[in-house]
Each structure stands twice: as C-alpha cells, then as structure tokens.
Amino acid sequence: MLQLILTTLLFLPTIIEASGIWSYENIKQWRRGNRYCAGNLQSPIDLRFNRSTFDSRLKQVYLEDRYPPEQAEIVNSGHTAQLNLKNHFVLKNIAPGSEDYKVEQIHFHWGHANNDNNGSEHLLEGQAYPLEMHMVTYSSWYSNIKDAMTNTRGLAVVGVFFELSTEPNPFLQPVVDALAHIRSEHQHTPVRKEFNLKALIGEDRMARYYRYDGSLTTPPCYESVIWTVLLDPLQISFQQLHAFRYLHDAQAHVIANTYRPVQKIGTRKLFRSFHLQDIHEDKIRRLIMKENHGQCLTLNMKLIAIFICLLTIAQ
Ligand SMILES: [Zn+2]
C-alpha cells in the first residue's frame, strides 16, 4: 500500500501533465508539472513601443487558401472556444525566406461579465482589451502540430485584439451564433459557411504588428512560438462579447478570466513592423507620448543634478 502511495506521489506531476489538468485559478501551480512555464521566453508580454525596435525585414503577413474550404467546427474545450481550421489556410511571409505555416486552429481569451477592461493576454502600452483571438499555425517542416510545438520556431501564433464597439462585427457573427450550441464542455458544432477568417482579420491589418520569440500561454508552455501581435484591434459589440462569457467548463462554472498575466520580457528583443506615425489609435499614441515625456523629464532631472554637482565642485 505504502509503495503504491509513494509511486503515485512520485509520478503525480507526470500524470497531471499528461492528462492536461490545469486551470486559470491555479496559474502559479503550472510550473510544477511543466518546467517550461518557469522559463525565460514566456508569453504573453506587455507590448511597449518605446522598448521595441523597428525591423524593416518584417513585411505584411498573409493567409493563402489551401484547399477548397471545408466547414469549420468549433468546440468548447473547457478552457476556451476553439475553431478547428486544419488544412484551410497557410500563413505566409512570417520571415524573409521562411517556410509556410499551416493554420491549425483559432481560439479566444476573455475576461468576465463585470469587467470590460480585462480579457486579453498581451497588453498594449500596459492596457488590456476585452478579448484576444489567437490564430495558431505550425511550420510546414513538420507533418503535424504535435511534432512542431516542441521545436524552436515550430509554431507561429498571430494575436488579434478586440475592442468594444456599439455595432456588432458581422464577420464574427457566425462564430458568435455557434457559441450558443457549445455551452457545455466537449460540445461541438459546425460554424456557418459564411465565416471568412481572411475577411474577419482584414489584409491591411496584417502589415502592422509586434514580433517576439515566446511560448504557448497555457501548459505545457513550450517556448517554440514566433509571436505576431497585430497593432490594430478588431471590433466586437457587447452582445457578441457576452456570448463568450456564457460558456461553461466541466464543473458547469462559467469560463472566465482565461488569460495568463504578462511575463517578463527579460533579455528578449521586441520588434515592430511599423513606425509611430502608423499608429492610428489616439489612446495608444497618447500613452506612448506620455512615456516619452516621462523619460525626458527623468533625463532632464539627471542633467540638472550633474550641473549642480559641477557647480558645487567648481566652488
Ligand atoms: Zn491562446
């Protein structure tokens, strides 16, 4: 008996990892069974213009149709709503001369009903959005996503923010309508044929983005992801957002706050494909200007201090 207990305790982390038991309520425990979750290349991060570097090699990324479109299916995984798009598209132009990345699925991260300011995983100038969509793709060097996800740069994920709008987003509506049929875990349903991922994201939007090396934002947190987070958000109405907040997990609890807090960027470099003048959103421009102003003040104060010091020495 004692031996059985000891054996169970010894292998418990492996069992937990293998069975994929984790929740957003115990994020601090993720690292116990998943050593990568404690790594130095973790995601999400706070995307700050003043800490990023313009890289002229970052060109517009785009989606190319792969096969005649099949109907996509959406599933309630207990953690998110996931739209499986296997074989529908490839993502091109991730880096100069890089291979194509095959689109596997899209899924969403959101907050909860009493707070429209939280929900996204990445932050933009310290600000969260109410919803973030992730388009998960894998390198065409691999035959499936499982093999790709443990290899450096095996995955490329595109993050897209959503901001609240008074008008519903018609391109998102087929997904929203499907959510009503997957309220319980493991339920799945086809998404109407009109759903068009390319039209939802919009080609132009894929030219302005932040780029960094990071990880999966859920266990096992593999550090194999080339992150592309688009600068310009999409729109979503309150009613559309509410449909996500109505999904339930295995315990029949509302699926809420499905975002991991931002991680340290550490020694990593954050790149961007755009200049300050390409930022259209006033709120974001103001935040960047404020930070610039703050940095200038600090510099000025340092210069004044040096000047006073020199005067004192001269006397
Ligand atoms: Zn995600």
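1. V157 stands opposite W227 of strand β13. Two strands count as paired if DSSP finds at least two bridges between them. Helices (H or I, at least four residues) and strands (E, at least two) are DSSP runs, numbered from the N terminus. Apart from residues up to four places away in sequence, V157 touches H134, M135, V136, V225 and W227. Touching, or being in contact, means that the C-beta atoms of two residues, placed from the backbone, lie within 7 Å.

2. This is a predicted model, in which local features need pLDDT of at least 70 and side-chain atom pairs count only at pLDDT 80 or more, while totals for chains, interfaces and linings use all residues. Residues are numbered from 1 along each chain as its sequence is written.

3. Is strand β13 buried or exposed? Six of the six residues of β13 (residues 225-230) are buried, so the strand is largely enclosed by the rest of the structure. A residue is buried if 20 or more other C-beta atoms lie within 10 Å of its own, exposed if 12 or fewer, and partly exposed in between, with C-beta atoms placed from the backbone. In a regular strand the side chains alternate between the two faces of the sheet. In β13, V225, W227 and V229 point one way, I226, T228 and L230 point the other way, and all are buried.

4. β13 also pairs with strand β12 (residues 209-214), through six bridges, and here the strands run antiparallel. Within this pairing, R211 has T228 of β13 as its bridge partner.

5. The loop between β12 and β13 deserves a check. P220 is found in this loop, and the peptide bond from P219 to P220 is cis, with omega near 10°. C221 is found in the loop between β12 and β13 too. C221 has a positive phi of about 55° although it is not a glycine. With 25 other C-beta atoms within 10 Å, C221 is buried.

6. S43 and P44 are joined by a cis peptide bond, with omega about 0°; P44 lies in the loop between α2 (30-33) and β1 (46-47). E125, in the loop between β8 (123-124) and β9 (131-139), has a phi near 50°, a positive value in a residue other than glycine. E125 is partly exposed, with 19 other C-beta atoms within 10 Å.

7. Strand β4 (residues 73-76) has a covered face, formed by I74 and N76, and an uncovered one, formed by E73 and V75. Which residues stand opposite I74? In β5 the residue is L83, and in β11 T189. β4 is joined to β5 (residues 81-84) by four bridges and to β11 by three; β4 runs antiparallel to β5 and antiparallel to β11. β4 and β5 form a hairpin with four residues between them, and G78 in the turn has a positive phi of about 95°.

8. Q187 is found in the loop between α4 (173-179) and β11 (188-190). The C-alpha atoms of Q187 and G78 are separated by 9.5 Å, although these residues are 109 residues apart along the chain. Leaving aside neighbours within four places in sequence, Q187 is in contact with N76, H181 and I182. Q187 is partly exposed, with 13 other C-beta atoms within 10 Å.

9. The largest nonpolar core has 69 residues, and those with the most contacts inside it are I74, L91, L131, V157, V175, L179 and F244. β10 gives the most to this core, with seven residues. A nonpolar core is a set of buried Ala, Val, Leu, Ile, Met, Phe, Trp, Tyr and Cys residues joined through C-beta atoms within 7 Å.

10. The domain assignment gives domain 1 (2-279) and domain 2 (281-310); such bounds come from an automatic or database domain assignment. The C-alpha centres of the two domains lie 35 Å apart. Six residues of domain 1 are in contact with seven residues of domain 2.

11. For the protein chain as a whole, there are seven helices and 15 strands. Of its 315 residues, 37% count as buried. Among contacts between residues at least 6 apart in sequence, 70% join residues at least 24 apart.
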